[in-house]
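Biologist: I have a model open and would like to learn how to read it. Can we go through it feature by feature?

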Amino acid sequence: MRISVVGGGYVGLVTSTCLAKLGHSVILIEVDEHKVDAINSGIPFIYEEGLRELLSAHIGKNIIASTSYRDLSSSDFTLICVGTPSLPDGRADLSIIEAASFSIGQCLIDKEGYHVVAVKSTVPPGTTQNLIMPKILSQSGKHENEIGFVMNPEFLREGLAVQDFMKPDRIVIGSSDERAGDTVQSAYCGIDAPILRTGLTAAEMIKYASNAFLASKISFSNEIGNVCKKLGIDVYEVLRGVGMDHRISPHFFNAGLGFGGSCFPKDVSALIRLAEDMDEDPILLRSVVEVNERQPMRIVELLLRRFRDLSGKRVAILGLAFKNDTDDVRESRAIPVIRELLRRGASVVAYDPKAVLSMRNVVPDIEYCEGASQALTDADACLVLTEWPEFGQLDKEFELMRSRVIIDGRRVLSCENVEGICW
Ligand code: UGA
């Protein structure tokens, strides 16, 4: 199939590259010229396991990036993968998707034959039907039987996005009509996964509800962990036992510092605002956020039990990315921890295998290191904030510290004499 993808961020770039691997011919439309140049030279501007190899195998052959919407009308369908960031009040900002819909509509004016527009961006229920559809239909001057609309949410985890695309748990296709849904479904031919066909709004809600449930599972594990720590019980042992119930599942039970990233915090906030707009009181979701916001302060409180005053103390931070296998620091739990340490007068020295550059833009005024040993040298304390597996190999390196105060926020260390945030 000939597929155009609008938006070359994490989702758009991974989706385009994987669709090319499936044998489709892909045009990736991205407004940022630098990103387009990088993509066309086979270099992804993000770190994502396996993406670089895949992109360089297909770029110039069956995938091309462009800043222009010009060739969109020659494709069979268009996937919208632009961002829907949070507005200050927590609602989803739909201005980028509205602008993209305008441009797509303009390009479809002269299109001959049927076209499908599928939305991958996370949007509040009703957005495809009430915003995207009318905008594209009015701009293109087409009728509903000439353009079909689909909501096809993504469930890609950063760091595992290529794997998640190729081996998904399910593919959700919500459509305005059967033909539109069939067109998008045929693009996934070759992927072995159950396919759920729904209406547009149900597909939109499935994405929010999935992320809200996963975020709730993490906050639940953290709350149980905080109680277990007081009782001297190992929360990981407890949750292993709980997760063996097939109704619960053992995944996403890693108690620790809480969730960050570009999705869970944004999507839970948007769902809370959506519920409030419907005169509902989303008490459960608000607690999920509250537990998550308190968790980073707990690791600082544990440190304060060891040193009553942090001023002048050298604190080594291991891990800055919001999780392992990514250079992304958006909503990383490391940010509130570092800010609190600085507020209390500590000097912070940090190391991360991939995210030093990105964190420098957010917190420029701390010392960054090229390795864990450098960060640990002469440190009074060490806080582990990201679940990088390489931290699990550290042992002798901790002998470089001035005093051995080590608090693990992610249950990743395997050496002795370590305190856990909630174990
Ligand atoms: C999340 C979802 O997992 C994807 O299914 C979804 O498609 C994506 O959001 C999205 O909406 O686009 P992602 O944010 O990339 O993916 O990363 P996750 O692996 O879900 O981790 C999110 C955060 O939760 C990380 O900060 C991680 O450290 C934390 N986490 C995860 C825990 O604290 N405990 C766990 O057990 C699992």
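The dialogue below moves from the whole chain to its sheet, a helix and some single residues.

Biologist: What should I know before starting?

Modeller: This is a predicted model, so local features need pLDDT of at least 70 and side-chain atom pairs count only at pLDDT 80 or more, while totals for chains, interfaces and linings use all residues. Residues are numbered from 1 along each chain as its sequence is written, and side-chain values use heavy atoms, with hydrogens and water left out.

Biologist: How many helices and strands are in the chain?

Modeller: Helices (H or I, at least four residues) and strands (E, at least two) are DSSP runs, numbered from the N terminus. The chain has 14 helices and 14 strands.

Biologist: What does the radius of gyration say about the chain?

Modeller: The radius is taken over C-alpha atoms, and the globule rule is 2.2 Å times the number of residues to the power 0.38. For 423 residues, a compact globule would come out near 22 Å; the chain has 23 Å, which agrees. Along the principal axes, the C-alpha atoms fill a box of roughly 70 × 45 × 40 Å.

Biologist: How much of the chain is buried?

Modeller: Buried means under 20% relative accessible area, exposed over 50%, and partly exposed in between (1.4 Å probe, protein chains only). Of the 423 residues, 54% count as buried. Accessible areas come from the Shrake-Rupley method with a 1.4 Å probe; for residues, only the protein chains shown count as cover. The chain exposes about 18,900 Å², and carbon and sulfur atoms supply 51% of that area.

Biologist: What share of the contacts joins residues 24 or more positions apart?

Modeller: Contact means heavy atoms within 4.5 Å. Among contacts with a separation of 6 or more, residues 24 or more positions apart account for 71%.

Biologist: Now the sheet. In what order do its six strands lie?

Modeller: Two strands pair if DSSP finds at least two bridges between them. Here the order is E11-E10-E9-E12-E13-E14, in an open sheet with parallel pairing. Strand E11 (367-368) and strand E14 (419-420) stand at the edges with a single partner strand each, so one side of each has no neighbour in the sheet.

Biologist: Which bridges join these strands?

Modeller: Strand E10 (residues 347-351) is joined to E11 by two bridges. There, Val349 stands opposite Glu367. Strand E9 (residues 314-318) runs parallel to E12, with four bridges between them. Leu318 has Val384 of E12 as its bridge partner. E12 also pairs with strand E13 (residues 406-408), over three bridges.

Biologist: Are the two faces of strand E12 covered or open?

Modeller: In a regular strand the side chains alternate between the two faces of the sheet. In E12 (residues 381-384), both faces are covered. Ala381 and Leu383 are buried on one side, and Cys382 and Val384 are buried on the other.

Biologist: Which residues of helix H12 are buried?

Modeller: In H12 (residues 334-343), the buried residues are Ala334, Ile335, Val337, Ile338, Glu340 and Leu341. Their cover includes H11, E9, E10, helix H13 (356-362) and E12. After H12 comes Gly345, with a positive phi near 85 degrees.

Biologist: Which residue has a positive phi although it is not a glycine?

Modeller: Phe252 is one of them, with a phi of about 60 degrees. Phe252 sits in the loop between helix H9 (235-243) and helix H10 (264-277). Its relative accessible area is 31%, so Phe252 is partly exposed. Asp378 is another non-glycine with a positive phi, about 65 degrees. Asp378 lies in the loop between helix H14 (372-376) and E12. At 40% relative accessibility, Asp378 counts as partly exposed.

Biologist: Is Asn222 buried or exposed?

Modeller: Asn222 has 0% relative accessibility and therefore counts as buried. Asn222 belongs to helix H8 (residues 200-231). Beyond its neighbours within four places in sequence, Asn222 contacts Asn254, Ala255, Gly256, Leu257, Gly258, Val291 and Gln295.

Biologist: What does Leu285 touch?

Modeller: Leu285 touches Ala212, Val268, Leu271 and Ile272, leaving out residues up to four places away in sequence. Leu285 lies in helix H11 (residues 283-306). With 14% relative accessibility, Leu285 counts as buried. Phe213 is 72 residues from Leu285 in sequence, yet their C-alpha atoms are 9.1 Å apart.
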